[in-house]
Amino acid sequence: MLHLALFLIFGVIAVVGAINLIAQTHPINSALSLVVVMGSLAAEYLLLGAEFLGAIQVIVYAGAIMVLFVFTIMLLNAGAEEQTRGSKVAIIIGIPGMVIGSVAVAWALIRAHTGAEVPVGSLYGSAQGIGHLLFRDFLLPFEITSVLILIAIMGAVVLARRES
Amino acid sequence: MPTGNLSVTTFVIASIIKIAIVLWVLLTAVAYTVWLERKVVGHIQNRWGPTRVGPFGLLQPLADGLKFIFKEDLTPPYVHKFLYILAPMLALSMSLIAICLIPFGNSVNIAGMNIPLQITDTNIALLIILGITSIAVYGVALAGWSSNSKYSLLGGLRASAQMISYEVALGLSLVGVLILCGTFSLHGIVEAQTGTWFGFIPKWNIFKGQFIAFFIYIMAAYAETNRIPFDLPEAETELVAGYHTEYSSMKFAMFFMAEYSNMVTVACLASILFLGGWTGPVFGPPILHALLPIFWFALRVLFFIFVYIWVRGTLPRFRYDQLMSFAWKFLLPLAIANVMITALVVALRS
Amino acid sequence: MPANYVPIFIFIAIIAVALPVTLLAAKLIRPDNPQKTKAMPYECGVDPIGDARARYTVRFYIIAILFVVFDVETIFLFPWAVQYKALGLFGLAEMLVFLAILIVGYVWVWKKGALEWI
């Protein structure tokens, strides 16, 4: 009962944070809303028994990627977003589009629901479980990840560094 | 599971009591770390340090606290008000939350209940602390940005760049310990270090070959807490007070407390990860059995805090480019090498 | 969620109440006498010129992006490290490959001069 209540509370926080992220005009407020979304997602993972994933969500998304966002906003002195006619059009088309989209997704999920339920915590949520999966069953994807990271390093440096 | 045979209400009440005690001890420790620092640095510089308030100036922290509360608080009109107020609270709360996971000793039996001497332990305790450390960057960055002062912004940028740079080395230095202990639980990490070789060399991680990791951890921790020789963010000769230049009164006190409570947490973690936590000779009646581990633990923490202060009284400050290349060109490769060597040695031995 | 996360949430709740209350309590007792000069951004007595939020050097950005990359790498090492004794020599080999690829990237970044501050 308490479990479900907490799950719903964090879910609501995540959704409110996400809406606030779009509604705010100043980029730093938007970035911090996204941090709140990441934090409540981490709490959701924790509640589902995926504790390792929850911790990683905080360390990587809230603690590294969002720091990069905030840094960029601080460095570039990005000001408040300006409303144009295009953004009005986006609101008029976007909001009904979003509603239709989420209703369609919910409908598809309810239709596809077979009634089989996965008990909380039965997924490979612990660090040991993830380690086992990652380094035994999904070895090739893991090694390819390192190539991906390598490309990310190179791309970042090439983009950011001015040749002197 | 800490609940064990306790009911939910007892569990919650026990947690609240533990939190109250730990918070009280932590805040007192923070206050007296400040006192100790002023005293020790004073003696290093051939001064007396605080002497006026109480015997040996022991009531000085109390006087400081009162002064912080009664000082006028200036909120400049140019600041981003919400973030300006949020930043010090964020910094302080993140530095306090980490203490939740620190084990101060094994468990004690009180009225038939087995109570572990820590607020809580989880399977991923170490990762939670790392997560908290990575969130703590926001406190500093937002303080610098929201103040709308050049000193603050530069200080905030420097501080956050420094913290994230050393976070990589900090994280990598823990991998060796994790290989040896095979768990993220801090209680488990201490348990893995009990016992001795030949009856007198304790099986601490630092003696299991993790001395390089210990060195990296200490360096990174000094940088993470913005202490000398890495206190560039608040280098007073160039940046006045860095990211908290525009803060006064209680909000400044929060940054101040955050720094010292971070020092305490880092000292606790260093003792747990590398120096065997609360392990030590235990003898005598049951009451000593319960108290001696806490004493051994406190002794280690005090040692680390003393070294912190000693370093502050001794070393000059790095230049910023030296600071950055120390993190990226020295500590990072050293940490990766340490991971590989530890893995090789463990593989060869098994 | 295992019960041992509950105390952390209790702790966060206590802190989340206590810190604003401290600020409010201090607000009630301290003097409040703002003046125009007091409220100026502090620049050692000189009147500030321009806005503080200017554009700053791109170095900080490079540091942040390298941090993201190496943080992700560290995260991959964590589950491997706690499982290392169970994985054995196989685990050693796969992590050596992983690290070797990343060390190539690290050396490249160093040679490219991205780690230089000046």
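This is a predicted model: local features need pLDDT of at least 70, side-chain atom pairs count only at pLDDT 80 or more; totals for chains, interfaces and linings use all residues.

Reader: OK, so which hand is the crossing where H5(B) passes H11(B)?

Author: Left-handed. H5(B) covers residues 150-181 of chain B, and its axis lies 8 Å from that of H11(B), at an angle of about 15°. Angles under 35 degrees count as roughly parallel, so H5(B) is roughly parallel to H11(B).

Reader: And at what angle do the axes of H11(B) and H3(C) cross?

Author: Roughly 150°, and the two axes come within 10 Å. H11(B) is residues 320-349 of chain B. Since over 145 counts as roughly antiparallel, H11(B) is roughly antiparallel to H3(C). The crossing of H11(B) and H3(C) is left-handed.

Reader: Which residues meet there, between H11(B) and H3(C)?

Author: From H11(B) you have B:Ile336, B:Met340, B:Ala343, B:Val346 and B:Ala347. On the H3(C) side they meet C:Tyr84, C:Leu89, C:Leu92, C:Met95, C:Leu99 and C:Ile103.

Reader: Let's do chain C as a whole. How many helices and strands?

Author: Three helices and zero strands, so in order from the N terminus chain C reads α-α-α. Chain C has 118 residues, and 35% of them are buried.

Reader: Which elements of chain C give two or more residues to the side that touches chain A?

Author: First the totals: 38 residues of chain C are in contact with 36 residues of chain A. The elements giving two or more residues to that side of chain C are H2 and H3. H2(C) makes the largest share, with 17 residues.

Reader: Switching to chain A, what's it built from?

Author: Six helices and zero strands, running α-α-α-α-α-α from the N terminus. Buried residues are 28% of its 164 residues. Of the contacts in chain A with a separation of 6 or more, 57% are between residues 24 or more positions apart.

Reader: What about H6(A), how far apart are its end C-alpha atoms?

Author: They're 32 Å apart. H6(A) has 22 residues, 139-160, and at 1.5 Å a residue that should span 32 Å, so the two agree.

Reader: Which of the residues in H6(A) are buried?

Author: A:Ser146, A:Ile149, A:Ile153, A:Ala156 and A:Val157. Down the helix axis they fall within an arc of 90°, so they line one face of H6(A).

Reader: Why would residues spaced like that point the same way?

Author: An α-helix has 3.6 residues a turn, so residues three or four places apart point the same way.

Reader: What covers the buried residues of H6(A)?

Author: The cover includes H2 (59-82) and H3 (84-112) of chain C. The face turned away from the buried side carries exposed residues, among them A:Leu140, A:Ile144, A:Leu148, A:Ile151 and A:Leu159.

Reader: Last one: A:Phe142. Why does it count as partly exposed?

Author: A:Phe142, which sits in H6 of chain A, has 19 other C-beta atoms within 10 Å.

Reader: Which residues is A:Phe142 in contact with, leaving aside neighbours within four places in sequence?

Author: A:Leu134 and A:Phe135. As for A:Trp107, 35 residues away along the chain, its C-alpha atom is 35 Å from that of A:Phe142.

Key: Residues are numbered from 1 along each chain as its sequence is written. Chains are lettered from A and ligands numbered from 1 in the order in which they are written. Helices (H or I, at least four residues) and strands (E, at least two) are DSSP runs, numbered from the N terminus. A residue is buried if 20 or more other C-beta atoms lie within 10 Å of its own, exposed if 12 or fewer, and partly exposed in between; C-beta atoms are placed from the backbone. The expected span of a helix is 1.5 Å times one less than its number of residues. The arc is that of the directions from the helix axis to the C-beta atoms. Two residues are in contact if their C-beta atoms, placed from the backbone, lie within 7 Å. Axes are lines fitted to C-alpha atoms, for helices over the stretch in contact, and angles run from 0 to 180 degrees between N-to-C directions. Angles under 35 degrees count as roughly parallel, over 145 as roughly antiparallel, 65 to 115 as roughly perpendicular and the rest as oblique. A crossing is left-handed if the near helix is turned anticlockwise from the far one by less than a right angle, and right-handed if clockwise.
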